[in-house]
Amino acid sequence: MTLGRNSGEGGDRVVNNDFNMADEEIQMLDKISKAFHAKGKKVVVILNIGGVIETASWKDKVDAILLAWQPGQEGGHSVADVVSGKINPSGKLTMTFPAKYSDTPSAKNFPGFPVDNPKEVTYEEGVYVGYRYFNTFNIKPSYEFGFGSSYTTFEYSGVKLSSPTFKDKLTVSVTVKNTGKVAGKEVVQLYLSAPSKSIDKPKEELKSFGKTKELKPGESQTLTLTLSPKDLASFLENRSAWIAEAGEYKVLVGASSLNIKQTASFSVEKEITVEKVKKAFELDSKFTELKP
């Protein structure tokens, strides 16, 4: 079963019958799921969409969801290869699928004011955009940033840092083993949890990622990811500079932003000023940014 959405420039999406499912879609999904499950058959929903939609209310009614996005003229072949098992999918979400629209940090700001004919929008979420908001404020999504299923399973082990203290750069290595029955690839994600004594920091942020080769059942590969000074830093408006605070940093390596498999720590002994810039613009009007 395919659910479709159009998306493009020149018009904003809406909540009802776009982000949320239409009543007709829910009825169709219910009827198909009941009919095929009664015959012992599985139901797969293929999402031919250009943006995030609501999935929390219906995902348990079906056996699988394949997110095809808007794949173009070769989409049919691509989807057939995945559904048939010719290809083992290895994609990961580049955004959060919220459980409901109001969970999105910008929901209360969009589409702006005046309400009856919006002319201006002030986004107040500050650094808490996307998964940075959901993870920091412990808002449970339908599918988290970085999520993606496979026809096999992977085991993470042996995370190692090149040094216990950060100098000019630091490397993180981890071994990934295919523990399932079919060949597949895994996307390894490296998140960083940084000190936040004087800098507003999300709970963790993606700083690097890498993809294994196609691993046969039982095969392993060690991936090495690198952290630079800029990866540690945040921009401080009052100092017009990118700053990495001194303190302890935690490395989180995993299969998604909420599925962390291995952790390690390193320290920054002295504050690092990565880059200084000149202030170019003042705010047109003051507003309050979101804080935990």
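This is a predicted model: local features need pLDDT of at least 70, side-chain atom pairs count only at pLDDT 80 or more; totals for chains, interfaces and linings use all residues.
Which residue lies over the face of Tyr 143? Select Tyr 143 together with Lys 59, and you will find Lys 59 over the face of the ring, at 4.3 Å from the ring centre; a charge is said to sit over a ring if NZ of Lys or CZ of Arg is within 6 Å of the ring centre and within 35 degrees of the ring normal.

Residues are numbered from 1 along each chain as its sequence is written, and side-chain values use heavy atoms, with hydrogens and water left out.

Now turn to the salt bridges (a side-chain nitrogen of Lys or Arg within 4 Å of a carboxyl oxygen of Asp or Glu), of which the count comes to 14. Select Glu 124 and Lys 108, whose closest N and O atoms are 2.8 Å apart in a salt bridge. Both residues lie in the loop between helix H3 (75–84) and helix H4 (131–136), so the pair ties together parts that are 16 residues apart in sequence; helices (H or I, at least four residues) and strands (E, at least two) are DSSP runs, numbered from the N terminus. Glu 124 is partly exposed at 23% relative accessibility, whereas Lys 108 is exposed at 63%, where buried means under 20% relative accessible area, exposed over 50%, and partly exposed in between (1.4 Å probe, protein chains only).

Continue to Glu 205 and Arg 132, whose side chains meet in a salt bridge at 3.0 Å, N to O. This pair links distant parts of the chain, with Glu 205 in strand S7 (residues 205–211) and Arg 132 in helix H4, 73 residues apart. Glu 205 is buried, at 13% relative accessible area, and Arg 132 is partly exposed at 24%. Then select Arg 5, Arg 13, Asp 18 and Glu 25, which are linked in a network of salt bridges.

The last stop is the aromatic pairs, which number 11; rings of Phe, Tyr and Trp (its six-membered ring) pair if their centres lie within 6.5 Å, and planes under 30 degrees apart count as stacked, over 60 as edge-to-face and the rest as tilted. Select Phe 166 and Phe 266, whose ring centres are 6.1 Å apart with planes at 35°, so the pair is tilted. Finish with Tyr 128, Tyr 133, Phe 134 and Phe 137, which ring pairs link into a cluster.
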